[in-house]
Amino acid sequence: YRSLTAARPDAFLPDLAMSLNNLSGSLDALGHREEALSAINEAVTIYRRLAKARPDEFLPNLAMSLNNLSNRLIDVGRQEEALAASEEAVEIRRDLAAAQPDVFLPDLATSLNNLSIRLIDVGRREEALAVIEEAMEIYRSLTAARPDAFLPDLATSLHNLSGSLDALGRREDALAAIEEAVKNRRTL
């Protein structure tokens with residue numbers, strides 16, 4: 001894709017960005033953290049440029065890559081930068097979900113889930129709780145409409161909610177959330 005992009009950037013730059021995004025995930029899975037971070041940084045840079053020119057087409061990809069960037073930054077211990085990338089992904093996905101909720105609400109919930117974890121990472125527990133509760137509200141409505149598709153995500157968010165509640169010393173509420181997560185996982 002690099003050579004194709006050099007010859008015809010308009011045609012192949014999006015493919016290069018997606019390949020870099022995928023490469024980052026593969027490198028991360030193999031434990032090559034710095035190389036994975038480099039690949040996702042390049043993908044984000046490309047998607048920023050593409051989204052600036054064609055936002056309707058490329059903002060979803062930019063948000064996805066920002067989520068992945070946040071994960072790679074956490075892997076190398078850069079919590080504040082990971083938080084910033086996660087916050088930017090949520091901002092983009094909020095706008096997308098406002099315009100097309102049927103398409104982008106699941107992505108917003110995913111980004112909110114990730115943001116809640118990043119907030120916990122930097123010690124902002126109250127904010128993390130508010131964010132995971134928002135994700136839970138979205139996942140509950142999605143699960144009501146399509147349980148087969150969204151029950152796993154609801155269970156994951158319940159698990160994260162339990163952790164947030166526990167971190168705030170709300171042990172009974174944390175227990176109720178994790179019990180619901182376990183019930184959902186057993187259903188799955």
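Visitor: Is the crossing of α5 and α6 left-handed or right-handed?

Guide: The crossing of α5 and α6 is left-handed. A crossing has that name if the near helix is turned anticlockwise from the far one by less than a right angle, and it is right-handed if clockwise. Helices here are DSSP runs (H or I, at least four residues), numbered from the N terminus. This is a predicted model, in which local features need pLDDT of at least 70 and side-chain atom pairs count only at pLDDT 80 or more, while totals for chains, interfaces and linings use all residues. Residues are numbered from 1 along each chain, and side-chain values use heavy atoms, with hydrogens and water left out.

Visitor: Why is α5 called roughly antiparallel to α6?

Guide: The axes of α5 (residues 79–99) and α6 (residues 101–121) come within 8 Å and cross at roughly 160°. Axes are lines fitted to C-alpha atoms, for helices over the stretch in contact, and angles run from 0 to 180 degrees between N-to-C directions. Angles over 145 degrees count as roughly antiparallel, under 35 as roughly parallel, 65 to 115 as roughly perpendicular and the rest as oblique. α5 is therefore roughly antiparallel to α6.

Visitor: Which residues of α2 make the contact with α4?

Guide: On α2 they are Pro14, Met18, Asn21, Ser24, Gly25 and Asp28. Among their partners on α4 are Phe58, Asn61 and Met64. Contact means heavy atoms within 4.5 Å.

Visitor: Why is Thr5 called buried?

Guide: Buried means under 20% relative accessible area, exposed over 50%, and partly exposed in between (1.4 Å probe, protein chains only). Thr5 has a relative accessible area of 9%, so Thr5 is buried. Thr5 lies in helix α1 (residues 2–7). Leaving aside neighbours within four places in sequence, Thr5 is in contact with Phe12, Leu13 and Leu16.

Visitor: How do you know that Asn113 counts as buried?

Guide: Asn113 has 6% relative accessibility and therefore counts as buried. Asn113 lies in helix α6. Beyond neighbours within four places in sequence, Asn113 is in contact with Ile132, Ala135, Thr156, Ser157 and Asn160.

Conventions
Helices (H or I, at least four residues) and strands (E, at least two) are DSSP runs, numbered from the N terminus.
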